[in-house]
Each structure stands twice: as C-alpha cells, then as structure tokens.
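This report describes the fold, the confidence and the contact surfaces of the entry shown below.

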Amino acid sequence: MTSLNPIALDADGPKKPSLDEFVAFLRRISSLLIQSGCSSNRVELLAQLLGESCGFEVETVAVPTAVWITVRHEGRTLQDLTRVRKWSIDLDRLARLNELVESIHERQLSIADANTRLKAEDHAAPPYGKGLTLLAGAISSPVLIMSYGGSPIEIALGAPIGVMIQYINKYTFSSDTRRYLVDFISAVVVATYAYTCRALIPDIDAPLLIIGGIVVVVPGLTLVNAVHEVAQKNLVSGAAKLLEALVITASLGFGVAFVLAVLQILVSRGY
Amino acid sequence: MEHTGTMILAAILGAAAFAIAFRTPRRYFGLTVLIGACPFILLKLMPHDWNVGFGSFLAALSAGCLSHLAARFTKAPAQCFLIPGVILLVPGTYIYRAFNAALGRRFDDALTIGLSAIAITVGVSFGVLLANWVVPSRKTL
C-alpha cells in the first residue's frame with residue numbers, strides 16, 4: 001500500500017500548473033478513478049472541483065469505457081480523451097486518490113507532485129495478500145448458501161467454489177485479452193463442481209451450490225450503479241452499465257447451460 | 001436463517017469477505033465490516049410480508065447514511081464503507097434464477113422473479129440516492 005506523506009509547503013503554496021500539465025494530470029486521475037470503480041458522475045464532479053482549485057474551467061464527460069476532458073483558460077482550450085479498457089472495484093486505491101485530491105484542493109500538493117504519485121499507483125501493492133483474498137472467497141460463498149437456507153454439507157461444499165471463483169477472477173483471467181471469458185469460465189467451473197458433488201452426494205441441491213458460487217460474480221452491483229447513474233441523468237453511462245450487466249448475466253447463464261447440455265448428452269449415452 | 005446469532009455471524013463474515021475482495025483500506029476494515037453487516041441484519045429482521053423492494057430500500061438507506069457518516073469522520077470516500085454492505089443486498093440470486101428460468105422456457109417464472117429483481121435493484125439504488133440527501137456527501141469522493 002502506498003502511503004501519502006505530507007509534503008513541505010512553500011511559502012506561497014504550490015505553484016499553478018500549466019494548462020498541458022493540468023490536462024495530463026486530469027486524464028491520468030480520471031482514468032484511474034474509473035478503473036477503480038468510481039461512478040462516472042463522481043469523476044465528472046471531481047474534475048470540476050480540481051479545475052476550480054487550480055483556476056481552470058473544466059468540462060468532463062465520463063462513461064465506463066472513456067473520459068472526455070475539455071479545459072479552458074485565458075482563451076485557450078485543450079481537449080483530451082482517455083480510453084479505459086479494464087475496471088474493477090479497488091477501494092484502497094480509491095481512498096488514496098481521494099487523499100491526493102484533497103491535498104490538491106487544500107493547496108498542500110502541486111500538480112507536478114501529484115502526477116509523480118499517480119505514476120507510483122501502477123506499482124502499488126494490494127492491501128491483502130493472495131491467501132487472505134482466497135480465504136475471503138472461501139467465506140463469501142458459504143455465507144450466501146447459508147443465507148439461502150442451505151444444509152451444513154451444502155455450506156461446507158460452498159467453500160471450494162468461493163476459492164475457485166476468486167482465483168479465476170482475480171489471478172487467472174485478469175489480462176485484457178481473456179477477460180471476456182472470465183464469466184463464462186466461472187459459470188462452467190461452478191456448475192461442473194456442483195453437479196460432480198451431486199453425483200457423489202445425491203442429497204445436495206446442485207442449483208443452490210451454483211447460485212451460492214455464482215452470485216459473487218453476478219453483476220448486481222453493476223446493475224445498482226447503472227440505476228443510480230440513470231437516476232442522476234447520466235443516461236449514457238447508466239445505459240452502458242446496464243448493457244454490461246446484461247452481457248455478464250448472459251455469459252454466466254450460458255456457462256451453466258453449457259454444462260447442463262453436456263451432462264444431458266452424457267446421461268443420454270449412458271455414461 | 002432462524003437463529004439471530006447465526007444471522008449476525010453470517011452478516012459479519014459476509015461483510016468481511018467482501019471488504020477483502022473489494023480491497024477496503026486496512027485502516028477502515030473494522031468500521032467497514034460493522035457498517036456492512038447492518039443492512040443485511042436489518043433486512044433479515046424485517047417482517048416477511050413486507051415488499052422486497054421496500055425492505056431493500058430501507059436497508060440500503062441505512063447503509064448509505066452510515067457510510068456517509070463514517071466518511072465524514074474518517075475523511076475516506078463513502079464508497080469504502082458502502083460497497084461491502086450494499087453487495088449483500090443486491091439481487092444476484094434473483095437475476096440468476098430469472099435467467100435460468102428463461103433458459104428453461106419457464107417464462108412466467110422468469111418474469112415474476114425478474115420483476116422482483118428489478119424492484120430490489122430500484123429499491124437499493126434509491127436507498128443509496130436518498131442517503132446522499134439525508135446525510136450529504138463530502139465534497140470529494
């Protein structure tokens with residue numbers, strides 16, 4: 001975890017950044033905020049706030065996959081666009097970026113120093129290790145199965161599913177080229193495990209195990225954020241998030257349907 | 001879940017697990033788990049004949065208000081406290097069951113369950129939105 005050490009203040013406070021320097025900073029922080037799971041309307045408000053702090057007129061349009069920035073100052077206008085290709089929820093990074101913005105707003109940090117700190121974000125270590133993250137997975141699925149009324153054996157069988165889902169999502173299919181597969185693969189793995197368990201222990205409820213495992217990756221939060229954005233009249237961003245939720249749900253559903261179809265073929269041929 | 005003790009334990013463990021999964025800052029972990037467990041416990045304590053959307057709305061409102069209060073005291077973004085609590089309220093199981101029913105050509109079931117999912121989603125979203133008004137958010141994140 002990168003900590004934010006307070007910097008020494010000059011007598012006059014940090015010097016005003018140039019227009020180009022400010023736009024470069026705004027582009028980088030907007031991109032990082034969207035990547036860390038910040039809502040589009042918050043990114044837009046934040047950009048405006050930073051502009052006011054530094055004496056620039058800022059207009060921003062943020063959507064989940066890109067941020068358009070316009071900065072005006074003394075008759076000169078600069079426009080920029082940054083593409084966001086991957087995103088997840090990283091509350092630790094969000095808290096650090098929040099501290100950074102507050103330091104700029106309170107004139108404790110110059111844009112040049114803030115830019116240096118942003119560059120360090122690429123190498124910031126996660127707050128929890130791999131073991132603890134997988135343990136969290138081992139807890140979340142059994143808790144969900146317990147809340148759906150699962151039996152003790154179903155709750156116990158939920159732990160490996162949670163570990164598998166965390167491993168697949170966080171460590172296996174996180175690269176740009178393969179991330180579209182992650183939901184489908186997660187569903188296939190969970191459904192295969194659930195029906196294998198049912199073949200060994202006929203009393204267990206396989207769909208309950210599937211739901212307990214898959215709910216962790218079902219885009220419920222994306223859906224809530226989408227409605228939140230639409231309610232705040234951020235229609236493009238809200239619609240994009242609704243579509244993302246739909247695509248993820250479809251991938252998960254097709255993953256489970258794929259396993260069921262294979263099972264049906266195997267059973268019909270007497271395996 | 002019949003036993004209150006089991007329910008509270010499940011809520012705390014669930015909030016802790018999601019706090020780790022979403023990389024909540026270590027220094028706010030305890031507070032996040034406490035706030036995250038509250039809406040789930042509140043939802044489970046509500047009478048069963050209440051509308052699911054309304055119950056989710058109240059639970060999300062409580063999560064939102066507590067998160068904004070915590071954000072004011074700690075100067076951290078409200079999202080740090082809000083997300084691990086709200087994730088326990090989102091209708092993941094409804095969405096999956098509705099989709100599964102549609103795949104199995106049980107369209108009546110799919111529609112009924114899907115509408116419940118929409119009611120919960122809208123309830124949670126407006127609970128969070130209203131919390132912004134009840135306890136106004138801080139100027140930054």
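What percentage of the contacts in chain A with a separation of 6 or more is accounted for by residues 24 or more positions apart? The share is 67%. The model is predicted, and the contacts reported here are computed from its coordinates.

**Fold of chain A**

Chain A contains ten helices and three strands. Read from the N terminus, the order of its elements is α-α-β-β-β-α-α-α-α-α-α-α-α. The C-alpha trace of chain A spans about 80 × 35 × 30 Å along its principal axes. Chain A has 271 residues, and 43% of them count as buried.

**Confidence**

For chain A the mean pLDDT is 85, with 93% of the residues at 70 or more. Within the chain, strand E2 (residues 66-73) of chain A has the highest confidence, at 94, while H9(A) has the lowest, at a mean of 79. Residues 1-10 of chain A have a pLDDT below 50, and this stretch makes 16 contacts in the model beyond near neighbours in sequence. Where pLDDT is low, predicted coordinates should not be read in detail.

**Domains of chain A**

The domain assignment divides chain A into domain 1 (19-123) and domain 2 (130-268). The C-alpha centres of domain 1 of chain A and domain 2 of chain A are 33 Å apart. Between them, nine residues of domain 1 of chain A are in contact with twelve residues of domain 2 of chain A. On the side of domain 1 of chain A that touches domain 2 of chain A, the elements giving two or more residues are H2 and strand E1 (57-63) of chain A.

**Interface with chain B**

How many residues of chain A are in contact with chain B? There are 42, and they meet 38 residues of chain B. Two or more residues on this side of chain A come from each of helix H2 (40-54), helix H3 (91-105), helix H5 (130-147), helix H8 (206-214), helix H9 (220-231) and helix H10 (235-268) of chain A. H5(A) provides the largest share of the side that touches chain B, eight residues.

| Side | Nonpolar | Polar | Charged |
|---|---|---|---|
| Domain 1 of chain A, touching domain 2 of chain A | three residues | four residues | two residues |

Definitions and conventions:
Residues numbered from 1 in each chain as written. Chains lettered and ligands numbered in written order. Predicted model: local features only at pLDDT ≥ 70, side-chain atom pairs only at ≥ 80, totals over all residues. Contact = placed C-beta atoms within 7 Å. Helix = DSSP H or I, 4+ residues; strand = E, 2+ residues; numbered from the N terminus. Buried ≥ 20, exposed ≤ 12 C-beta atoms within 10 Å, placed from the backbone. pLDDT = per-residue confidence, 0-100. Domains from an automatic or database assignment. Nonpolar A, V, L, I, M, F, W, Y, C, P; charged D, E, K, R; others polar.
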